[in-house]
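Biologist: I would like a close look at one part of this model, namely the strand pairing and the packing that goes with it. Please take me through it in one connected account.

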Amino acid sequence: TFYQQYRSGRVLKSFRGIIPRSVAVLRDGKEAVVDSKELTVGDVVLLSAGEVVPADMRLIDVNGLLVDNSGLTGENEPIQCTINTTQENILEATNMVWYGTNVVEGLAIGVVTAVGAKTVMAKVFQQTSVSPGPTTIELEVRRVVLVTALLATVSGIVLIAGWVVLIRTEHEDFMGVSGIIGNVTGLIVAFVPEGLPVAVTIGLTIIAKQLVKRFRVMVTRLGTVET
């Protein structure tokens, strides 16, 4: 689990280093180059092939623009962008480009709609950094542990009661206090599923690796694989 989270964290951190330091913009009717950190909502940005989109933008002019959104949406094929709204889902709209995605081909002009922590990519990072609640499989494992502990406790009580009522009264020399304590301890330990954590972890790890190989899905928590 630690190794899986470590690898996922490295992938997420790598996004921070791909944003260009300088961006071509139109200000006062003239083309200028500014630091990407100085971009504000409403700036008009010029995009060309090979660049990384420096902010969330709405396109106002397009010339054969193809954008790779795989880092954000997981789509394998580049998106053909237009200036028209084509989808109700904003992430699938072809007139929008997103911070951190790659321009594969073409030219475009866009108006900045979000920068910094308000971009879609930043919100994804924020969601992955928030400590989530227990997953379905974690709740099920807790349930199994509680039921097992209850059964072990009840069995131990029944064994002690039987020893006090039957064996202790009728066969006093058959088993002493130390003997019953050892038997009860052994009974309770026998209920503990020592192999359960290992089996669950190995199973989820195998599934996580298959997701990476077949679908290029990055898993940050093994517990989410079950869902």
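Modeller: Valine 67 has valine 103 as its bridge partner in S7. This comes from a predicted model, in which local features need pLDDT of at least 70 and side-chain atom pairs count only at pLDDT 80 or more, while totals for chains, interfaces and linings use all residues. Residues are numbered from 1 along each chain as its sequence is written, and side-chain values use heavy atoms, with hydrogens and water left out.

Strands here are DSSP runs of E with at least two residues, helices are runs of H or I with at least four, and both are numbered from the N terminus. Two strands count as paired if DSSP finds at least two bridges between them. S4 and S7 run antiparallel and are joined by 10 bridges. Valine 67 also has a partner in S5, isoleucine 79. S5 covers residues 79-80 and is joined to S4 by two bridges, again antiparallel.

Next, the packing. A nonpolar core is a set of buried Ala, Val, Leu, Ile, Met, Phe, Trp, Tyr and Cys residues joined through side-chain atoms within 4.5 Å. Buried means under 20% relative accessible area, with a 1.4 Å probe and protein chains only. The largest such core has 17 residues, and those with the most contacts inside it are Leu39, Val45, Leu47, Met57, Leu65 and Val97. At least two residues of this core come from each of S1 (22-27), S3 (44-48), S4 (56-68) and S7 (102-114). The most, four residues, come from S4. Another core lies apart from the largest one and has six residues, among them Leu72, Ala93, Met96 and Trp98. In soluble globular proteins, nonpolar side chains tend to be buried together.

As for the whole chain, it holds six helices and seven strands, in the order α-β-β-β-β-α-β-β-β-α-α-α-α. Of its 227 residues, 29% are buried. Among contacts between residues at least 6 apart in sequence, 60% join residues at least 24 apart.

Conventions: Buried means under 20% relative accessible area, exposed over 50%, partly exposed in between (1.4 Å probe, protein chains only). Contact means heavy atoms within 4.5 Å.
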